[in-house]
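Below are my notes on this model, as numbered points.

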Amino acid sequence: MSPTVHSRTSSFTDGALVGRAVWDSVLKLDPRLMWRNPVMFVVEVGAVAASIDLTHGVMHHAAGFAFSLQITIWLWFTLLFANFAEAMAEGRGKAQADTLRKSRAETVAHRFTHDGEMEEVSGAKLRAGDIVFVVAGEMIPGDGEVIEGIASVDESAITGESAPVIRESGGDRSAVTGGTRVLSDQIKVKITSNPGETFIDRMIKLVEGAERQKTPNEIALNILLAGLTILFLLAVVTLQPFAVYSGAPQSLFVLVALLVCLIPTTIGGLLSAIGIAGMDRLVRRNVLAMSGRAVEAAGDVDILLLDKTGTITLGNRAATIFVPSPGVDEKDLASAAQLASLADETPEGRSIVVLAKEKYGLRGRDLSTREALFVPFTAQTRMSGVNLDGVEIRKGAKDAIAKYVAERGQRVSAETEQAVAEISNGGGTPLLVTENWRVLGVIALTDIVKGGMRERFDHLRAMGIRTMMITGDNPLTAAAIARQAGVDDFLAEAKPEDKMALIKREQAKGKLVAMTGDGTNDAPALAQADVGVAMNTGTQAAKEAGNMVDLDSNPTKLIEIVEIGKQLLITRGALTTFSVANDVAKYFAIIPAMFAGAFPQLNVLNVMHLATPQSAILSAVIFNALIIIALIPLALRGVRYRPLGAAALLRRNVLIYGLGGVVAPFVGIKLIDVIIRYMHMV
Amino acid sequence: MSANGWFQIGLFVAAVFLLTKPLGVFMVRVFEREKTFLDFILRPIERLIYRLAGVDEKREMRWTEYGVAMLVFSGVSMLLLYLMERVQLWLPLNPQKFTNLESYLAWNTAASFTTNTNWQAYTPETTMSYLTQMAGLAYHNFTSAAVGIALAIALIRGISRRESKTIGNFWVDMTRCLLWVLLPACLLIAMIFVSQGVVQNLKPYATAQLVEPQTITGTGADGKPTSKVVTQQIIATGPVASQEAIKMFGTNGGGFFNANSAHPFENPTPFSNFLQMILIFAIPAGLTFTLGRMTHSPRHGWAVWAAMLSLFLVGVSTAYWAEARGNPLLAGVDQQASATQSGGNMEGKEVRFGITNSALFATVTTDASCGAINGWHDSFTPLGGLVPLTNILLGEVVFGGVGSGLYGMLVFVILAVFLAGLMVGRTPEYLGKKIEAYDVKMAALAILIFPLTVLLFSAVSSVSAFGTSSISNPGPHGLSQIFYAFTSATGNNGSAFAGINANTQWFNASTGISTLLGRFFAVIPILAIAGNLARKKTVPQSAGTFPVTTPLFSMLLVSTVLIIGALTFFPVLSLGPILEHLLMLAGRSF
């Protein structure tokens, strides 16, 4: 079973998960854990004080027991609800971690000793630098690099993708992950990680949230919430002397109730759940972020560096048109082109065969019966083709072909030159086809821009994010594709060091840069970028350098990562605003209730017409607790993200969460008050 | 309320609007050391001052050094004023032979004037010698205003500079502020005041024979009725106009006379009254433009200005409405404005200013941390009195005190940007500077000190004999008096609700401490923000940047001010003025 393939069903319907979260929320009442969350810690102190006072009251038969008891119970519920939110968010990760742990079953490794002998050791004892031998059917005992051999590997335990992948020594596909299985052949692997630091170990810790550290923005928000808590603590603590002066002293329950309602418990209770859920959303998309900081940075990104191939365009170029030379039939050109490409196993070669077949019904001919000699592409000739029954067919770049035909006194016609120039200007690659040194015409190989990219780039632009295409193509070709795909800018003829220089240049201007990469030569740039997403198929070096790993190895996912980062920040901001805006209604519920006994005139402020002072205060406390539960789904799912500019997004969210935050509690508290009266709870 | 009243308020707003840009531009030139039309005369003086004081005008300071310089300067100035008050009898220019001040009052006054509060627990014309008024109090009126402006400029530099360790030179900012901004303007303004009839002399007080002797009856210490016939009136005079100019322009508010701007020698005509109100808002409004210009975002400056103006309009409308409609307890009495009477609640107001200009003055003086008054706030209707109180509670950021209004508002801006900024899906940024944990921590500290001081001192005073014994009216009004005293002191406003006996050891000591806490504990974190922001890189603006130039931003800023200011104090306000208002409607007064 694969741990990262998730069902889309709501986690609330998962009984086991909820059960575990309920138990966890009780365990989380431990003050040593609560201390980390200043807002909820204050609530806990209030709840303990109320409980003590309640017990004291029972022993002395104090009046108003039903009211005090209910206030105290709801104070504890407020805490439990907040803990439940966090436990639910963690629960999903814990379930994944359990599955991952199973896949990390004990493995036996065949390790080479110093004198070249082979010994059997436990996989858990391997250290970086050890060299092991893995044969088909065995589990790879640890993370490492293939240093010898080639094998197909089943990586479904990590990626959830059941199709095997090829791992081979050298190049950019040499990284293997512990816990994956070799399906065929055998490889020698140099282990690169120590026990407890392997990829699976890190993944377990990540999804479990065990090493979760507060992110910079979360810390800042926590400070603000602590500040607000102190502010309201002051307001409530000093209220008692003023109340005494006015001849209307208040009970502890009422003061604690007011305090708990005023301090930002809604966001305080949901804050860590929002963070955990944000990481979880990435994991569900098969992206592992090495730190929460990286997820936040993703929301702040100003520039996306996107590799052209595989990200903006479909992996390979394909033949799209045949342009015959004057006096040549297009079908003859297609036929010759197909013959020249029959033995060409490159994707471009195959696309020529396919185009000829589709356009002219030319089938791949069986050449084995005829005397055919295939001429493969070499760096010297820069052409490939076939010698068939004395006919010499070649295809190649213009320069190479021009030189080739010139040897026989032929030349490329002006019309063909023109066609070559047009194809180049349009971002394509022209290939000339010759038959016995006569130029038949040109094949255009062009990049195919992935569907929907232009819209996505438009959205990014609306959000204020610039996209930049990185390509090894010449500037002319690059410009054409950039125009077609709708990216803002491009870097042509890019070498790895150019990419690095570009990142540094943008960062010096204060911008945050995100990029994807997989090769070893991408590693420095991945490390330099603020958000560096390494492809899981990439090298170990790349995966170490980046701060995220995409298990699907899909570079387009960078855009989704940015959206998740933004969604995380928006959710925090929206719920904070909502939480603070709630206070207005709570004041109008509690203040008149507190003093209406001594000063009936203050009932003017009871705009909700709550039944009695006691029901008013109880309603506010119940609303305050229930709103946490009500918002858990939103906290876990995240506020719906829309690709809008900041001004539009702000207007929208202020309206929903700011204005909504002012209005909602008026309605909610009134409703609860009606129910309380109906049920004669106080 | 009348069309004429609204027209006067409109005229006032128009005048403030027109002054904003020219003053703002001028201050940019002064503090950015660009050329001004006064350079030919002032530059040589400035250079001379630096040479004598050994100040290197090219040297820049980090925020810590800037803060230490500011504290040392303020501390030494405060000590000098304290000493002067304690020995004034033996110093010249004391024609009335006023005695030396006792230590509590001297401490309170020194603290109060150093912090631009000008809380006056004494009656100036029977307590302070001319020398103390001129060289002690007026000196502080100038320097405390300059300190406030310098701090605001330092914070603006912090916002606008990028990757800089320094935020300016305190001594240079002070010197240039005094030489270019405050002194020349006050010279001119004093002349205008004299033209209106504000007195300016160093003569002993005049004595006049009463046309009709008055008999004053009272109760003696032994409880028996006393009676005294008065035949002479002593008319206090002095160097008033020169002090009046800086009292308003520097939002100090400490009157030469106890009656402050209600006194005909301080504020004789409707024109002088109008001018005084304009002077209060002039620099604070101008500084919003300075902010916009120096941060290369003029529209942001105007957005802050607009937020301030909306809060001002809400306040002045409420106060005007509450005062103009009169006292509901006097039902049946004609309180309508007409050709023969001002109408409304005229108790404690000057007839020559009427309802509109009293309500407007009360709003303006408390929006800014000025504290000058032209009527008794204590005699306002409960809701009318709620306006000045609320204005101070909001942190005096509605234009606010010179400099302090802007830096106070900028703390709210930082909090607003942080609160709402997340909702655009980025780490909150303010004009390209990321707002991070350190900035939020300092902003929270700067905000917290005010409610901490006000609420704790008020709470203690409201349940202790040494506190409640100073109250003149019982019930909710008494609570308002205590609360107003600490609010005014901590907010560095200095206006008095009156009615409370503030010249006691407890109130002199506690309000003195309040003024110092309210000023210096708040500005240290603000300087820290300036230093921290200056160090940061500037993130370029994009479509994804949180907009700080739109009406929506102004609205968010107003909401933040209201939520932090109003929500914190709502409980005590509901037991004070709000309750008093409701009780009054029910027929009870205090």
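1. A:E506 and A:R466 form a salt bridge through their side chains, 3.8 Å from N to O; the term requires a side-chain nitrogen of Lys or Arg within 4 Å of a carboxyl oxygen of Asp or Glu. A:E506 sits in helix 18 of chain A and A:R466 in strand 16 (residues 466-470), so the pair ties together parts 40 residues apart in sequence. Helices (H or I, at least four residues) and strands (E, at least two) are DSSP runs numbered from the N terminus.

2. The model is predicted: local features need pLDDT of at least 70 and side-chain atom pairs pLDDT 80 or more, whereas totals for chains, interfaces and linings use all residues. Residues are numbered from 1 along each chain as its sequence is written, chains are lettered from A and ligands numbered from 1 in the order written, and side-chain values use heavy atoms, without hydrogens or water.

3. Buried means under 20% relative accessible area, exposed over 50%, and partly exposed in between (1.4 Å probe, protein chains only).

4. A:K499 pairs with A:D307 in a salt bridge of 3.3 Å, N to O. This pair links A:K499 in helix 18 (residues 496-508) to A:D307 in strand 9 (residues 303-307), 192 residues apart. A:K499 is buried, at 8% relative accessibility.

5. A:D522 also forms a salt bridge with A:K499, with the closest N and O atoms 3.3 Å apart. A:D522 lies in the loop between strand 18 (513-517) and helix 19 (523-528) of chain A, 23 residues from A:K499. Both A:D522 and A:K499 are buried. Salt bridges with shared partners join A:R466, A:D489, A:E506, A:K509 and A:K511 into one network.

6. Chain A has 24 helices and 20 strands. Its radius of gyration is 34 Å, well over the 26 Å that the globule rule gives for 682 residues, so chain A is more spread out than a compact globule. The radius is taken over C-alpha atoms, and the rule is 2.2 Å times the number of residues to the power 0.38.
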